[in-house]
Amino acid sequence: MDNPENLPHPFHPMQDELPPSSNHAFTIDRRKFLTLSGGGLIVALVSNNFLSFAGETLPQESSTAPVGEVAAWIHIDEEGLVSVYTGKVEFGQNIRTSLSQIVAEELMLPVSSITMVMGDTDLVPYDAGTFGSRTTPQMGTQLRKAAATAREALIEMAAKNWNIPITGLTAENGMVVNSAANKKTGYGALTKGRQILRSISDNVPVIAAKEWKIAGKTVPKVNGRSFITGKHQYVSDMQLPGMLYGKVLRAPSYDAKLVDANDAKAKAITGVVVVRDGDFMGVVAPDVRTAGKALLAIDAKWEETNGQPSNANIFDYLLKNASGESGRRSSGDTKGNVEEGLNAAEFKHAKTYNINYIAHTPLEPRAAVAEWIDGKLTVWTGTQRPFGVQEELADVFKLNKEKVRVIVPDTGSGYGGKHSGEAAIEAARLAKTVQKPVKIVWTREEEFTWAYFRPAGVIEVSAGVNKDGAITAWKFSNYNSGGAGLDTQYKTANKQIAYIASKTPLRQGSYRALASTANVFARECHMTDLARMVKMDPLAFRLKNLDDDRFIAVLQTAAKSFGWTNSKVSGHGFGIAGGFEKGGHIATCAEVAVNADKEVKVIRVTQAFECGAIVNPHQLENQITGAIVQGLGGALFERIDFAGGKILNPGLSTYRVPRFSDVPEIEVVLIDRKDLPSAGAGEAGIIGIAPAIRNAILDAAGVALTDLPLIPNGVLP
Amino acid sequence: MVLNVNGIKHEITVDPDVALLNVLRNHLDLTGSKYGCGEGACGACTVLVNGKPVHSCITPVSAVGGKEITTIEGLEKNGKLHAVQEAFLTIDTFQCSYCAPGMIMSAVALLNNNPAPSADAIVKAMNGNICRCGTYPNIIKAIKLASKS
């Protein structure tokens, strides 16, 4: 079982880009505490040091927070208003809503009385970032305990006020109630004139999922109206008084060096300031258009690097440049003797799967607004790692972290593609020179070219199977894609699994479900091929080789709802695939049609999903549907084309993403396991669609595709 | 030149080839219309010009002088949402919602032109709008709901 709390860090497959966690005390600190001005009750993860500073009587259970603990705090003010402080950020996962529900449930309050304060490094406790489907299992669990601790503290305070024992007191709709005496008192009244600090208790009683009244139900997106009226201010919409607009000079190709730049014409434009700092060169102007003109007016000479690889030779390149070293995490697993297992098999099957680079393409490109006031830098930017970007900025500008504030308003999506702070650094560099606020919004071309991609990779799979469907050997070597989802979830007597780092010509990083999109594809294609070799139904073959009850349940649920055993129209095929990732269990069935011209059409998809107790059914279904739709792109046609250090399709007219006309009939079946802890749902939903379609194409047309995307031109080879 | 946006006339001084989206966002402080691609390929910048959907990122401002321009900010009247906005809110359609203004404007144009569109007509009319979060099935539900009201 993969308990999401114990998973390795799901970040960059190759590089150690994250700051070491030991740099941070994962506790409430004095400065932030003071910003929570006024009185009331605060429940936080606190250290003894801090408690002594606050002059608070130490609750018995409080202790120094262990490093790695999830930090968050809840403040109930003297009016009874509840604010939740978390370093998580809202990118469309609708966690502002689901986390509010979790807190509201434990505090017995309506969701509307909760305010989530998110992703502001001056106000919220340190958080490594919003990725890896960790918000629900980790932050959700922590907030649940914090809210329950607050509730129990309020009940204790009421008991003390009334001078009665706590038995018989309950919390209801923002009040502590003594039903026997028909007395009640509001949370605000209990905290009035006081400043109380409590430590989150690990042992506090929380409300079981089967008793949930607010969590577990569909609650609409918090602030939904501000989004459908266009009023919500994304970073790209922000305006500060006196704000100027920046643009950055880009190299014509990767690894090009700026040799010379004549900026006389640019500087001659009214209001334009040119900033050069080493290879960095940018302009600032009173409006975007003038900034664009100024950039074009710079006469720059670059020395380009020749001989860079392209799509045509990328897979050879990755194999040739394999480091021979395993990656930092999930580097592999060995059991038995895989060569002996292969030799002993009645059937053997070896294939190589090639995975192309793809782009996250968040609809809101990178944007930042930076402002320096009295040596303190404040940057508003859409990043999944506000504290990571704070650290980047502190490093670049040689500042103490306290002198850098990063604020993340609800952002126009990321999918793992906004872990970094490029636009933040650029805006801050330009603002530093002009000493006025500067905004930078990347163009779509910049987003395609200067952000990062889901890694390309080569995956070699050799497996042995016997007539009875037993897998005798499983050898799986992944070059460059990354380690997530690497290990097989099927039983095998012998296995050898490895992730081997290589040298990537394009900048690569995290993606939705990370390398699982590649590893699950290769594994699930291979599993269906093996089933066909031994003439077993692909579902039956999987079930025979599984002992994970949750995986079995989603496979059976998806197959039943899809009608796996139903007869097919001629030219149509069925495919099945699945897996589990970050605590989310998924199975996908797809039906495709292949016509006489070898054109492929995905007709319908059924996906079963289980991630423990469901917090918000509608938002979960939305995530799972969205993951299927997004996954269609990487499955069928998304591919970054590149050559000579240039991206050849850096626009939405040339890089194809799924549109309305690409969407098949989609059925999502959610399994609500109220007996299991809630896991994340943002990622696992994407891993089944590509192999399910590939396997359906094999069933329909007998063509076993091996590369992602499967049919970039819409037709089979 | 004079721009008529959401029923209000604005006197503006810009080069004639400046994109309408730029004027709306940077001169008139109407930031509901979004930049997504700059080449009319994603629909995030969609506004109505004389009732027809237009990609404001590739429309020079000189082309819309004297015409009636409606942006997402112009749909709500006296604090009451447009029926299409109401439907999108009821379905709780979106995730990140960055595409929402463009989607809603395209949907308004479709329903003004065809009050009861078929599923095919919806796909055809909306195919220029991209939602990277993949909420297309919800958007279709919302348009169907709006078509009934």
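How many residues of chain B are in contact with chain A, and how many residues of chain A do they touch?

Mentor: On the chain B side there are 40 residues, and they are in contact with 47 residues of chain A. Contact here means that the C-beta atoms of two residues, placed from the backbone, lie within 7 Å. The model is predicted, so local features need pLDDT of at least 70 and side-chain atom pairs count only at pLDDT 80 or more, while totals for chains, interfaces and linings use all residues. Residues are numbered from 1 along each chain as its sequence is written, and chains are lettered from A and ligands numbered from 1 in the order in which they are written.

Five helices of chain B each supply at least two residues of the side that touches chain A: α1 (20-27), α2 (83-91), α3 (100-113), α4 (119-126) and α5 (136-148). Helices (H or I, at least four residues) and strands (E, at least two) are DSSP runs, numbered from the N terminus. By class, this side of chain B has 22 nonpolar, 13 polar and five charged residues. Nonpolar covers Ala, Val, Leu, Ile, Met, Phe, Trp, Tyr, Cys and Pro; charged covers Asp, Glu, Lys and Arg; the others, Gly among them, are polar.

Axes are lines fitted to C-alpha atoms, for helices over the stretch in contact, and angles run from 0 to 180 degrees between N-to-C directions. The crossing of α3(B) and α5(B) is right-handed, that is, the near helix is turned clockwise from the far one by less than a right angle, anticlockwise being left-handed. B:Met103, B:Ala107 and B:Leu111 of α3(B) meet B:Ile139, B:Ile143, B:Ala146 and B:Ser147 of α5(B). Of the residues in this contact, six are nonpolar, one is polar and none is charged.

Chain B as a whole is divided into domain 1 (2-74) and domain 2 (83-148), with bounds from an automatic or database domain assignment. The centres of domain 1 and domain 2 of chain B, taken over C-alpha atoms, are separated by 20 Å. Between these domains, 14 residues of domain 1 are in contact with 13 residues of domain 2 of chain B. On the domain 1 side, β3 (46-49) and β4 (52-55) of chain B are the elements that give two or more residues. β3(B) gives the most, with three residues. That side of domain 1 of chain B has seven nonpolar, five polar and two charged residues.

Now the partner chain. Chain A is assigned domain 1 (4-228), domain 2 (235-303 + 366-441) and domain 3 (311-358 + 453-708). In chain A, 17 residues of domain 1 are in contact with 17 residues of domain 2. The domain 1 side of that contact divides into six nonpolar, six polar and five charged residues.

Chain A also has an open sheet of five strands in the order β4-β3-β2-β1-β8, with mixed pairing. β4 (114-118) and β8 (195-199) of chain A are at the edges, each with a single partner strand, so one side of each has no neighbour in the sheet. Strands pair if DSSP finds at least two bridges between them. From one strand to the next the twist averages 20°. β2 (73-76) and β3 (82-86) of chain A pair in the antiparallel sense over four bridges, and A:Trp73 stands opposite A:Tyr85 of β3(A). Helix α3 (95-107) of chain A packs on the sheet against β2, β3 and β4 of chain A, its direction making about 130° with that of β4(A). Helix α4 (135-162) of chain A also packs on the sheet, touching β1 (40-44), β2, β3 and β8 of chain A, at about 140° to the direction of β1(A).
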